[in-house]
Amino acid sequence: MAAAGAIATLTVLGAFAFVVLVIGNWYFFRRQEMGFLEWLRNATRWQRLAVLLDAIATIIAALDFLTILFVLL
């Protein structure tokens, strides 16, 4: 029973992380004076790597968020 509680806690934390990532990405690119593709063309190698890692983390968190929705429905 304790394992189920731990899994539920991690799932809720994953959903929270997803929401934070989406809001953070939205805020960052709204502050830019150019669009995402324009920014990506002018980005350095490290900035592109950061965007790639951020995209992977957002996709993983989105799948975790969908897990919560399917469990609750």
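How far apart are Arg-41 and Glu-38 in helix α2? I looked this up and found them three residues apart, about one helical turn, in α2 (residues 36–42). Helices here are DSSP runs of H or I, at least four residues, numbered from the N terminus.

**Ground rules.** I am working with a predicted model, where local features need pLDDT of at least 70, side-chain atom pairs count only at pLDDT 80 or more, and totals for chains, interfaces and linings use all residues. Residues are numbered from 1 along each chain as its sequence is written, and side-chain values use heavy atoms, without hydrogens and water.

**Salt bridge.** I searched for a side-chain nitrogen of Lys or Arg within 4 Å of a carboxyl oxygen of Asp or Glu. The count came to one salt bridge. Arg-41 pairs with Glu-38, and their closest N and O atoms are 3.0 Å apart.

**Exposure.** I checked both partners, with buried meaning under 20% relative accessible area, exposed over 50%, and partly exposed in between (1.4 Å probe, protein chains only). Arg-41 is exposed at 57%. Glu-38 is partly exposed at 37%. I also looked at Trp-46, which sits in helix α3 (residues 45–72). Trp-46 is exposed at 63%.

**Pocket lining.** Next I turned to the largest pocket. A pocket is an open set of points on a 1 Å grid over the protein atoms alone, with protein on both sides within 12 Å along at least five of seven lines; lining residues have an atom within 4 Å of a point. I noted Phe-28, Trp-39 and Asp-54 among the lining residues. Helices α1 (2–31), α2 and α3 each supply at least two residues. I found that α3 gives the most, with five.

Technical notes:
1 Å grid on protein atoms, 1.4 Å probe; cavity = no way out; pocket = protein on both sides within 12 Å on 5 of 7 lines; lining within 4 Å.
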